[in-house]
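Here is a colleague's note for someone opening this structure for the first time. Please keep the model in view while reading.

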Amino acid sequence: MNWSDIGTIAPVVASVLVAAAILIVDLALPNRRQAVIATALGGLGVVAAVILLQAGHAGSAFGGAYSLDNLTVFLDAIFVAIAVLTILFGVDYIEPRGLPIAEFAAILVFAVTGAMLIAGSTDLVLLFVALELMVLPGYVLAGFARRDPYSTEGAIKYFLLGSFSSAILLFGLAYVWGITGTTRVDGVAAALAKVAAGGSIQPGLAMGLAFMSAGVAFKMAAVPFHYWTPDAYQGSPTPITAYLSVGPKVGAFAIALRLFVGALGPLRADWLPVVIVLAAVTMTLGNLVAISQDNVKRMLAYSSIAHTGYILVGLAAYAGGQHSGLSAILFYGAAYTFMNMGAFAVVAALQRQPGVSSQIATFAGLGRRDPWLGALMAVFLLSLTGIPPLAGFWAKAYVILAAVQAGGWLTALAVLAMVNAAAAAFYYLRVVVYMYMREPAEELRPSSPGLLFRVGLGVTCVLTVVFGLFPAIATAATNAAGVFGG
Amino acid sequence: MTYLIPLIPLLPLAGFVVTGLLGRQMGRESHQIAVWAVAASWAVAMVVAFAALAHGFGIGDGAGITLWNWIPALGFKAEMGFYVDALTGCLLIVVTTIGMLVHIYSIGYMAHDPGKWRFFAYLNLFMFSMLLLVLADNFLLVFAGWELVGLCSYLLIGFWYPRRSAAVAAKKAFLVNRIGDMGFALAIMAIWTQLGTLNMQAVFKLVEGGGLSSTWIAVVALLLFCGAVGKSAQFPLHVWLPDAMEGPTPVSALIHAATMVNAGVYLVARCNPIFGAAPGVMVVVAAIGIFTAVLAASIAFTQTDIKRVLAYSTISQLGYMFAALGVGAWTAAIFHLMSHGFFKGLLFLGSGSVIHAVGDEQDMRKMGGLARKIPITYVTMLIGSVAIAGVPPLAGFFSKDEILGGAFKSGFLWVWAIGFVVAGMTAFYMFRLMGMTFWGPSHVDPEVEQHIHESPTTMTRPLILLAIPAAALGLLIGFPPESGLLHQWLAPVFEATIAAGGRTEAAYSFFGIDGGLAIVTTGLVAIAIIAAWRLFGVDMPAIGLHAEPRPDQVREVSARRGLDFLYRGSAAKWWFDDLNNLLFVVWGGRLAGAVWWFDRVVIDGTVNGVGTVTTQAGLRLRRVQTGHVQNYALGIAIGLIAMALGYFLIAVR
Amino acid sequence: MPIGDSIPLIGIRWDDVLFVALAATLLVSALLVVTLRDIIRCGLALIASFASLAGIYVLLGNPLVAATQVLVYIGAISVLVLFAIMLTQTKNAPARLVFQTQTLAAAVAAVVIAVVITATVLATTWPSAGQRLWTSTTDVAHLLFHDYVLPFEVVSVLLTAAVIGGVYLARREISKDGENR
Amino acid sequence: MNLPILSLITFTPLVGALVLAALPSRHEELIRRTALGFALVAWGLSLLLLAAFALGPAGFQFNETVDWIPAFGIQYKLGVDGLSVLMVVLTTTLTWISILASFGPIKDRVKGYMISFLVLEVGMIGVFIALDFFLFYIFWEIVLVPMYLIIGIWGGSNRIYATMKFVLYTLVGSLLMLVAILATAFAFQAGHGGSWTGAFDYTQLQAWSAGGHFANDLQILAFLALFLAFAIKVPMFPFHTWLPDAHTEAPTAGSVILAGVLLKLGAYGLIRFAVPLYPYAAHTFAWPIIVLSIVAIVYGAIVSIVQPDLKRLVAYSSVSHMGFVTLGIFVFSATALQGAVLQMINHGLITGGLFLLVGVVYERTHDRTIAKMGGLAAAMPIWSTVFGFFILASAGLPGLSGFVGEFLVFVGSFGVAPVIALASIIVMVLAATYLLWMFQRVAFGGLSDFLRGLGGHLTDMSGTEMVTLAPLAIGIVVLGLFPSLVLDLLRGPAQSFLAAAGVAVGG
Amino acid sequence: MSGSLDSYLVLSGLLFAIGTFGFLARRNAISMLMSIELMLNAVNLTVVAFGAFVPALKTHAAVIALLVIAVAAAEATVGLALVMAIYRNRKTPLVDEYDSMSE
């Protein structure tokens, strides 16, 4: 360890320091929420600046356990954005419910620190530990409304199943480690390249892959490892749901990139069929069940499962030999982050006053009652549907392009994805129907979210549109994916 | 002269536009522009027509003018152009003359109708359309006129639209016409694809030059004939014409007797080079024509509506014309077309005058004894009846005689035989009509009886004017037989076809076969007239004829064994309307209903079914989410095992 | 007097005896953990299984891990678990409260997993040295603070975060966050 | 002229939408007039385009090209040929007419309505002028949203079902089309050594296709996907059932645009993309499509006969009429293709007019049930006359534009195989049947009890309503007498279409 | 027997399976937590066993095992805190009664 190592992991360090600073400020200035918020946002700003300073640089630290490259920067930027947005959306929601801002912010920043570490991890052990750092605070956040039975129930389910899957993942890691003899990603890849050249893989390695795949699939919320998602999403305080729907998901895909692409890339022909099946089942089931939901949060939870399926198409395309699948994953992750957080944020805005449910009936007449909120929600939902020229459209387009390029079964998968997207339009547009084409059952007051909240909504909306009109972010995604050669 | 041609149709068109746009504002004077437009058109038409006849314009050497390239598509061309030859000239005379007279007649007839402006606008539009049809130099333009006259017919039959029967009849007329038009349209397509031009003269040249295989000639001829059958109300598309009598009577006279219904005859005559080259089709034309003639005449026997009798008579006479065309007696067909146009126009206008007089009553059973009360009408109608019956020396005699003679001499003995019978039938039912209407005791409603009066002069003058050609046309242009003026006029149009047919007819011999036939026919006509007198009465003190009608005898004859079936069939119009109703309205409606059911239940049901299946699948699948964390865990464990097995499968691959 | 490698007369190696004994204890106590009705006894059985596992670590020549096992698992985690049991006042409960309705399915799944793992292990050729290697503590320390310094630091952050979160969740507090979702 | 006139036309309505968004929603009259103003400006610009369009040269004019996403060679590329120009003018014309026709009927949420309409116009124009496959797709999808809102918010009682059906149905097709577009671009890229340059560029794709470089199975699959998308939009039998629902529930102006322009998008897509890019597949599937077209022509007409609702009847008649368009495209004859395009325009004018007229009655009666009508000829003479005119135009009366289009399709297909014309010409009778029967029931006879009950509300057409119909009627007459106005513009597109489809051009 | 990697791996596999069974079968949240600890111990046993028999992994195994133990401790902390929190709301540690969000 030396200073250059610290410099390489500077964003992570900065992030940890931000979490500490939040707690210290809270201790020093109790009941001064503005100070806490300022610290959190300011700190995250610094983290963002650090990340941007790192852009274009490359290097590795700690003997190759952590590597700074375009992928790291790209993902770090997304994670910081997620953190900032969650805080922007969270304050307005957490406050009226008498929950502490400082703990919320600090735990969130810890979780994001974990996610950022995943982004740069090139070591299996670090990857696992970073994963735990990401998900453990996540359990706490899910149960953050600790007096609320729904919140704690969702949290304990999330926790139990999450720990279970962590054990499974770890078991798989142990086997892969035992067979390849190293924890370094490049070492694993080199060892597996020999195995792959040998033609057949050992049963032990196969089992390790299976357990690992199951563990990662759980974190992504891929079917049939998705069960925690609806309950945890529905139970959590809505801004935290927004975080949970993107943070751990993008994190899980970061693992997939570092682990399955970086370490297990040589065996990709072997895990291709698994990913294809996972993708197909995931998007289909997610969409089918989402159609029958009457609770918007739960509907969005299932929709997030479906989106996992779409992203997996990108992974499958990579496994099928198309490198562009990776940039598609990254673009999808970024686009999905903003549109999905935006959608949840609108739900959160409606639920600003405690006691408002997230049932779809709440949205009836929103377009008239609260035109701006309605319009924003419509934009997010249309983007999630994949209507151009919004971000979600390009996300799908890139994934599909990659799949089509890979050809064969992947083309069929692409077609299935599109059929699914059409079916998904039903439930997304159903919300629009409620907002614009139905009259409210009972008159609700327009919720006037605070400035921070509005800034957050504005940012997500602008990004959703800008990604759509000028999908230049695709270049960044391509650069980031360039880490894996090609 | 050529620059005058476009004026002929354009004047009525202008009249239509002006009357259509401003007629409502013109109030009582709304007929002025329309009538003057037609009068002007008539004047121009006369100049053009007689010029054409005088020059003897025939195939390919007529006067033509092209206005603009109407449809200049890739691989298709149709021009907006007119062409005048002798045949056109004959038609122009009939159309514009009768048209003008009907316009004048309508001034009085429609004087009190609030929709008078509309009526005159429609009439003008009809004149335009009919003239377009006659003058067009290419098939597509003929078709345009063809459809437009159908439209005008529709508009005018349905003129009194609040009356449901009028609306239904109008629609029926249009639809039945359209069935024939399909054939016409297909013929045009066939001509274009085979010959690459639609210009009629060019087509005829090509056909004569052997540019079309005999199969295609037959197909084209048959398809064209389909169109003619529809427009000229030939079997089996004759059903619309009787219903068309729902329109105002001037319309019946103009459109449904004198002009539009002749369009089919005109078309076949115009296309004589094509038909002449398709002898098989000619037989079909003759057969359909003569069958229609006897069929319609048989129905006319028993109808009680004065206009319907005339309508069936029209159908029957048109059948004659087709029979003439079919046997190759082209000129005779046109001759009959012209004479029939005048006398049938006269008869219709006369019947309109009668109807006018008896308070819009059309049922002949509620008339009778009108001869003295409306003398001008009576006399002119009597002239018309005598003419149509074929009594020499009136117009009908000459034209009919030529047809029958032509059939006989060209070997179509069966056509002649049936035509001969029909001649008798015609005389019978016409005098039945005269008897029931004008002679015998009055059956008019006493209320109405007091108000019976002769029509105004605007109505009677046209009657008189029409009676003149009805009486004299035969002598004027048809004498001497088979070499009269008309024959000279039309020779350039038909001579090539006749020559190509290889039949050189023997010269007309009055003291030979021709005279014999004429005498036989005249004899039969006389017998028929006398029979009608016996049954339905006559009252002509001027020539000392008087007989009381004998309704008992009518009943007795019609109830006689063997005849009762014929009587019932005739009265029921041989059940054609019922058959059509069953086929098209009942079964067709059911078919459409069934198709709609298919659309809603099967096609849309499938669409909605996909949605339902999706939703139901979602509802089933969501039950997996039990809320019990161990269930979830078990699901994960099963997933794990499945995944492990999957990897093993891949590993051992 | 040094003890021989194997039991006199029978010739079974002491190691094997120890292994079998420890493995048996481990499995039995683990089974007890998942099957006993009284959850306090489960906790105690858990301690037993941790202890026997520590023994196996020693047998595997890794006393450092064994020591940590004892300190962390027995000393900390088990105590935490027992505390939690006390705090949630779980008493000896009837069987239906102990086991899920899906116990049978769970057992089948567990057996399948066991079979899969066992079969896999036996079917795989491991890059094994064929003999146990002894791990030196200094090497471990060296490695930990060189190659694994980052994970080590991350674990410390993780523990911090876990403690903060744990304290927040477990802290007693009156608040009004009734939710309606 | 270096003016980017195509972009100007396309984005004038967008500017209008933004201006409207900035206006306070209570100034409804101002909003209406502003919307109309922008639509008229777009219309004027499109007429300018029509005037400036050079008849002679083949290929595209007024091209604008800007790199958009260079990584994939996606461009903002616009250009027009005769076909596009016609469609653009049709779109701009119908849009302002629709907006004007909405002045009275739309009283609720006027601002949102007008914004939707202007955005819709952007999408529609964009589809017709995009020369980048991807850009085309984007405009294609943009059209969807405002129409969804227009039907869903301002529609009738069953509007939600109708609008969801419309959107989902369309999306299924269009999303599969996206796959096909990407596959095509990829095939192009793979054939160019991995360079994405021009992979979405229409002219380059077309040239590549003309070289026979697209593999047959790619063609088959891509064509099927595109065909599905376009067939749903047209809509072709058996993908048509969304149309009656959408038409019935949409507000009048929505129906006008739906029939007038949206259905043309599908036909345009077939002509512009599906056939020229995948000629092998187009030929492979030509006969099945021809059969489907004939079925649509006859079937739509038969079903129209028994429709109880005026709008539904006109909707089904659209299925029949659009059958001519697809028929004209897939017989691969210059005559038929020109007829098909003419038919597209005619259908826009005629059916648009019919929907406006039905809307006029609906405004007064709030009902569209044919059985409840009767005797309107006496009560609303002007309306009845105009209605009759449009009905006759719809029935294909010569002298009016409907005739020329249908006839050219007939002639063209007769030249290919007489049996096609034979099978489809029966519609001459069927169309007359359903139209005249409908007209008879609505306009003729005595005034029905239902209408009598309305009393003084049953006024004849207003001046505004006549203004909306006048351009359509004039267009119908002018195109009926001088179809050369359109046909000359189509000479080039028809020739290049057939060249691309691999058929020798005659005449 | 004790000198073979296989026996340790099989042992750890059995332990893992027992843990899985406990996790799937028990109703009490704390029992489930204990089952997870068993599973994590199984992983550790695997790791240490590899370390003891594969020369290249010798020292690494101990480090990994130590880190896993620490992670397990962190998990236990959060888990037990969550159990406390939900117990306060629901007054029961039986997780299958936490089903207010079933479909």
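1. **Ground rules.** This is a predicted model, in which local features need pLDDT of at least 70 and side-chain atom pairs count only at pLDDT 80 or more, while totals for chains, interfaces and linings use all residues. Residues are numbered from 1 along each chain as its sequence is written, chains are lettered from A and ligands numbered from 1 in the order in which they are written, and side-chain values use heavy atoms, with hydrogens and water left out.

2. **Chain E against chain C: extent.** Start with the contact (heavy atoms within 4.5 Å). Chain E brings 71 residues to it and chain C brings 86 residues. The buried area (accessible area, 1.4 Å probe, that two parts lose on being put together, summed over both) is about 6,900 Å². Carbon and sulfur atoms give 76% of that area. On the side of chain E, F21(E), R26(E) and M34(E) supply 10% of the area buried against chain C, more than any other three residues.

3. How many salt bridges (a side-chain nitrogen of Lys or Arg within 4 Å of a carboxyl oxygen of Asp or Glu) lie between chain E and chain C? The count is zero. Polar contacts are found, however: nine residue pairs, both members at pLDDT 80 or more. A polar contact is a pair of N or O atoms within 3.5 Å; within protein, one must be able to donate a hydrogen and the other to accept it, and residues adjacent in sequence count only if both atoms are side-chain atoms.

4. **Chain E against chain C: elements.** Helices and strands here are DSSP runs, numbered from the N terminus (helices H or I, at least four residues; strands E, at least two). On chain E, the elements giving two or more residues to the side that touches chain C are α1 (5-25), α2 (29-53) and α3 (58-90). Of the elements, α3(E) gives the most, with 26 residues. By class, this side of chain E has 49 nonpolar, 15 polar and seven charged residues. Nonpolar covers Ala, Val, Leu, Ile, Met, Phe, Trp, Tyr, Cys and Pro; charged covers Asp, Glu, Lys and Arg; the others, Gly among them, are polar.

5. **Chain A against chain E.** This contact takes 42 residues from chain A and 41 residues from chain E. About 3,400 Å² is buried between the two chains, 77% of it on carbon and sulfur atoms. The rule finds one salt bridge here. It joins the side chains of E153(A) and R90(E), at 2.7 Å from N to O. On chain A, α6 (124-142), α7 (149-180), α10 (228-235) and α13 (296-319) each supply at least two residues of the side that touches chain E. The largest share, 22 residues, comes from α7(A). That side of chain A divides into 23 nonpolar, 11 polar and eight charged residues.

6. Strands β1 (residues 63-73) and β2 (residues 76-84) of chain B pair in the antiparallel sense over eight bridges; pairing requires at least two bridges found by DSSP. T66(B) stands opposite G81(B) in β2(B). Two residues lie between the strands, and G75(B) takes a positive phi near 75°.

7. **T96(B): buried or exposed?** T96(B) lies in helix α3 (residues 86-109) of chain B. T96(B) counts as buried because its relative accessibility is 1%; the classes are buried under 20%, exposed over 50% and partly exposed in between (relative accessible area, 1.4 Å probe, protein chains only). A polar atom of its side chain lies 2.6 Å from the backbone oxygen of L92(B). Leaving aside neighbours within four places in sequence, T96(B) contacts residues including W42(B), M46(B) and L131(B).

8. **Backbone points to check.** Most residues other than glycine have a negative phi, and most peptide bonds are trans. A cis peptide bond joins F235(B) and P236(B), with omega about 5°. P236(B) sits in the loop between α8 (214-231) and α9 (240-243) of chain B. In chain D, the bond from F237(D) to P238(D) is cis, with omega near 0°. W574(B) has a positive phi near 55°, and W575(B) has one near 60°. W574(B) is partly exposed at 21% relative accessibility, and W575(B) is partly exposed at 35%.
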